[in-house]
Amino acid sequence: VNDRLPGYLDPPASVGLAAVAQGAPLVHCMTNIVVAGFTANVLLAIGASPAMVENAVESADMAAGAGALLVNLGTLSDERGRAMPAAATAAHRAGTPWVLDPVAVGALAPRTSLARQLLESAPTIVRGNASEVISLAGVAGFAGRGVDSQAGSEVAVEPAKALAAEHSTVVAVSGAVDYVTDGHRVIDIPGGHGLMTKVTGVGCALGAVMAAYLGAGADPLSAAAGASLLFAAAGERSAGARTAAAAGTAAPGPGTFAVRFIDELAVLAAEAS
Amino acid sequence: VNDRLPGYLDPPASVGLAAVAQGAPLVHCMTNIVVAGFTANVLLAIGASPAMVENAVESADMAAGAGALLVNLGTLSDERGRAMPAAATAAHRAGTPWVLDPVAVGALAPRTSLARQLLESAPTIVRGNASEVISLAGVAGFAGRGVDSQAGSEVAVEPAKALAAEHSTVVAVSGAVDYVTDGHRVIDIPGGHGLMTKVTGVGCALGAVMAAYLGAGADPLSAAAGASLLFAAAGERSAGARTAAAAGTAAPGPGTFAVRFIDELAVLAAEAS
Amino acid sequence: VNDRLPGYLDPPASVGLAAVAQGAPLVHCMTNIVVAGFTANVLLAIGASPAMVENAVESADMAAGAGALLVNLGTLSDERGRAMPAAATAAHRAGTPWVLDPVAVGALAPRTSLARQLLESAPTIVRGNASEVISLAGVAGFAGRGVDSQAGSEVAVEPAKALAAEHSTVVAVSGAVDYVTDGHRVIDIPGGHGLMTKVTGVGCALGAVMAAYLGAGADPLSAAAGASLLFAAAGERSAGARTAAAAGTAAPGPGTFAVRFIDELAVLAAEAS
């Protein structure tokens, strides 16, 4: 998967994207108030079917019946904090693949404790930035290295491998270079664009797209790598880094970039189908 | 109302839109975390005044004092689940017209039960997709037909008529063709564009605009039909289906489409005033 | 600060903006479901680091550790209603500067009571529209003047001065002309554009930007005035009122305006750095 030009969609990732567009998997998203709309629009752009259900009573049923589940810890509330373990447990029992996005784990103690509880329901993929992944892997001895989200993502590779191996999961570390590992293999995905860090929700939506790939039948490593590759390509195109028309022109502002990012995801999905 | 070119704004709908722009009705929106921002921007674009209040203590007061109320069941929480019946009851008592959008009713049992409870507070309009309307009408024998939201909206016409007649309300079914009925008359609104299903919140915002029309004094059938017609026109314009400048050009991506949709609503509101 | 061309960024405001871009202050935002995404994108555009944390358990820790705190009362919930006083108290004790945005205070009694409780934790800045500021100042005898948010903001100048003096804070009144006062000096900031009232969250995001300026070390009066000035400039540029290329062209629609507003903030931040 790794011997390609940076950011280009290689065939396996493209196959996954085509499967999403054709299968329209129902992705149950438990996510935060900041990015819920953007996440839904990202999923719609690639042909998936988002369903945002987050209360404790309905979430377990929805998780059991959905094609995939996303559990994102941003803007955690009492009620979401009760609903998420219920949904994760239901997904695990029903065989629904699911993605854990441990937003701000490490920085906030109650959230770290919840994330570790959720790991017991065997997430199919864990996606976070370097700081979050290192904090979650802390049980294996990597805590307290004082790495924040500005750190290069490569410092999280060994913690990610340990976390993946311990929990038999796939861990995806987002950063200037993304890393995806199942505890043995490590795939690096360079590319993307700095503007992706200037739009809220790009990382959160990436977790949702990984869930969509899983819901369309991708294996965990391909889902995590394929979604990361897709986002790198969409980010580059939206910034004008790869279009002939934009050669020599300045990068867009972050407002325009966010709009183009949705457009380019739809174009990439159409090209893959 | 029905003998016009598809999607064009006929005079009655245009009159309703002018009344919104002039009256700036206060629309109390109890809606979900995915679409709240988009809904507010849609209401502002046509000159209405959105007010999002959703806790149990304040909602009843706000509903009694507002020009109209929207109750949208998306991302239902414990607290919203308590606040919505209080607001609906207050609206009914105060004579505030209100719109029920039964998001995901049928798919989720607790929500179906809440929606049926809310029907007792006599919503002025019920707006949903075919699946939701058929589920709500289930008490009259239409449940279990296995219709999902991809079904053609025409399958929901008879259930919509039954629901409207039983509850003395107007029911609007959104789909490739929209249908609006008071239990006797049925108005069909063709037009719109497929991209409207690729942007989250278009249907939810339509319910809010129906509330704005009600708040500006429109009768229920005109409000439901006029808002549907407005969205069909804005959708077609945003997709470039009706502008000379866009003749022969490809449809925009869904990100650009969402931005244009807000722009076109403002243009249509200005044209109607 | 006041002897400049309307809307232009004078040196002090520009210095504050450069400090934000260089310091990337962590701004803990407790805000509402309608504007959370827009607020985060505004903060990212100027180089600040938004962190949306709103539950009662985590908010106090986050407020104590952040560079600044925003408490915005929109879409108030039971849980946010408990978390906000805890966060404000923690911010006050830790010396974290914080901004209170008393959304809809005056119109809703429970919220008015909460806002007055929050004043006891000594907000660094209070930002609202004329109606909200007059209502909050009501303890000093200005309540009940029947002023709504459509009123000219100048009617709130005396109430704002009284409120600022009584609570040793800075009060910012948003309107066609913005006013900022510490109880003694009054700075008026004309400029901006009417389209800023047609996009949801512009006022709410302004409060967040004031917090970012505080987090970057600005004194309260400079933070409130500088952020208001920044928004006036971004609003004018986004509407095309000051760009040569746009001379003679019509103003954009509100959808396009919102996208440009984010872009222009990023341009202004880059120009200031």
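## Where two helices of chain B touch

Let's start with the contact itself: on the α4(B) side, the residues are Gly81(B), Met84(B), Pro85(B) and Ala88(B), and they meet Leu114(B), Gln117(B) and Leu118(B) in α5(B). Sorted by class, that contact of α4(B) with α5(B) comes out as five nonpolar residues, two polar ones and no charged ones. Keep in mind that this is a predicted model.

## How the helices are set

Two packed helices are described by the angle between their axes and the distance between the axes. Here, helix α4 of chain B covers residues 78-94 and helix α5 of chain B covers residues 109-119; they pack at an angle of about 15 degrees, with their axes 9 Å apart.

Angles under 35 degrees count as roughly parallel, so α4(B) and α5(B) are roughly parallel to each other. As for handedness, α4(B) passes α5(B) in a right-handed crossing.

## The sheet in chain A

Over in chain A, there's an open sheet of eight strands with mixed pairing, and its order is β2-β1-β3-β4-β5-β6-β7-β8. At the edges sit β2 (49-52) and β8 (186-189) of chain A, each of which pairs on one side only. Going from one strand to the next, the twist averages 20 degrees.

## One strand pair up close

Now for β5 and β6 of chain A. Strand β5 (residues 125-129) and strand β6 (residues 170-174) of chain A pair in the parallel sense, over five bridges. To pick out one position, Arg127(A) has Ala172(A) in β6(A) as its bridge partner.

Terms used:
Residues numbered from 1 in each chain as written. Chains lettered and ligands numbered in written order. Predicted model: local features only at pLDDT ≥ 70, side-chain atom pairs only at ≥ 80, totals over all residues. Heavy atoms only, no water. Axes fitted to C-alpha atoms, helices over the stretch in contact; angles between N-to-C directions. Helix = DSSP H or I, 4+ residues; strand = E, 2+ residues; numbered from the N terminus. Parallel < 35°, antiparallel > 145°, perpendicular 65-115°, else oblique. Left-handed = near helix turned anticlockwise from the far one by under 90°. Contact = heavy atoms within 4.5 Å. Nonpolar A, V, L, I, M, F, W, Y, C, P; charged D, E, K, R; others polar. Pairing = 2+ DSSP bridges.
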